[in-house]
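Biologist: I would like to learn how to read helix packing and sheet order from coordinates. Could we go through one case together?

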Amino acid sequence: MKKFIAAFDGLKFSESTQEYAIYAAKNCNAHLVGVFLEDFTRHRYSIAEVSTYNGADFDEHLKDLNHQEQEERDRAVSLFEEACTRNGVTFTIHRDKNIALQELLHESIYSDLLIIDASETLSRYSEKAPTRFIRELLDDVQCPVLLVPPKFKPLQAVTLLYDGEPSSVFAVKMFSYVFDTLSVEQEVISVKSQEESLHLPDNRLMKEFMKRHFPNAEYIVLKGLVEDEIIRYLQHHKKESLVVLGAYRRGRISRIFRPSMADTLLRHLKVPLFIAHNKS
């Protein structure tokens, strides 16, 4: 049985993360851990707001605010517990009290998959995806990550982005390992320049590898600029698809898929992204 972790901010609970996590756990027969990041620096209120309090008892006011936050965090945990029980998913709860990013990176060492909202900030503020928190998480995470959009939709297909680089092949390997029982259509997408042939990079080796993991996959080679073609293709995709791609080590640029590919997808599309990179 695999171990999946779903990361939550109890003060801004992501129902989408919960739904994708339960969906993934059920389809993969995985044990699900709800990691509730209760960072001691994370509050709904700001220092400026509490410093302007004019009431008689400041300490009591602050205590009330913290109590309200604790109740909200408790409700979030209860929602997760009830959803897992209702769906027959085995689960564990972790309530991590220290710095959120450090706690989550540590949890990822002992996990097969991390599921988190692509717009998560672990702060009072909202940001456009990819947020700073997600960028920093992806830099050092120790397991594959499933970044989910704000609304859950059951998966109908998997789109595997492939450019011939080891990182893209590694992502396919990890997806095959994590979602070995997920039964949906698969397609392999590559983008080449107008002057190049329609063959996949390392065509023979890649198809030999894919035959053992995704024997029914369809192969599609697009021509043009990578980001434009991938975005255009996925925007017109008729099925709800999960996109698989490799991340890149700092300072290394892929021949086709640039390191900003994940950022570009997050900015233009609301689809789940499975991102895996080799830490060696």
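**Reading the packing**

Modeller: Helices H4 and H5 cross in a right-handed sense. Bear in mind that this is a predicted model.

Biologist: What are the angle and the distance between the axes of H4 and H5?

Modeller: Two packed helices are described by the angle between their axes and by the distance between those axes. Here helix H4 (residues 100-109) and helix H5 (residues 132-140) have axes that come within 10 Å and cross at roughly 35 degrees. H4 contributes Ala100, Leu101, Leu104 and Leu105 to the contact, and H5 contributes Phe133, Glu136, Leu137 and Asp140. Sorted by class, the contact has 6 nonpolar residues, 2 charged residues and no polar ones.

Biologist: In what order do the strands of the sheet lie?

Modeller: The sheet is open, with 10 strands in the order S3-S2-S1-S4-S5-S10-S9-S6-S7-S8 and mixed pairing. Strand S3 (91-96) and strand S8 (218-223) are the edges, each pairing on one side only. On average, neighbouring strands are turned by 25 degrees against each other, direction ignored.

Biologist: Which strands does helix H1 touch?

Modeller: Helix H1 (residues 15-28) packs on the sheet and touches S1, S2, S4 and S5. The direction of H1 makes about 175 degrees with that of S1.

Biologist: How many bridges join S6 to S7?

Modeller: Strands S6 (residues 157-161) and S7 (residues 185-192) run parallel, joined by 5 bridges. Leu161, for instance, has Ile189 in S7 as its bridge partner.

Biologist: Where does pLDDT stay under 50?

Modeller: Over residues 248-259, for which the model has 30 contacts beyond four places in sequence. The chain averages a pLDDT of 90, and 90% of the residues score at least 70.

Methods. Residues numbered from 1 in each chain as written. Predicted model: local features only at pLDDT ≥ 70, side-chain atom pairs only at ≥ 80, totals over all residues. Heavy atoms only, no water. Pairing = 2+ DSSP bridges. Helix = DSSP H or I, 4+ residues; strand = E, 2+ residues; numbered from the N terminus. Axes fitted to C-alpha atoms, helices over the stretch in contact; angles between N-to-C directions. Contact = heavy atoms within 4.5 Å. pLDDT = per-residue confidence, 0-100. Left-handed = near helix turned anticlockwise from the far one by under 90°. Nonpolar A, V, L, I, M, F, W, Y, C, P; charged D, E, K, R; others polar.
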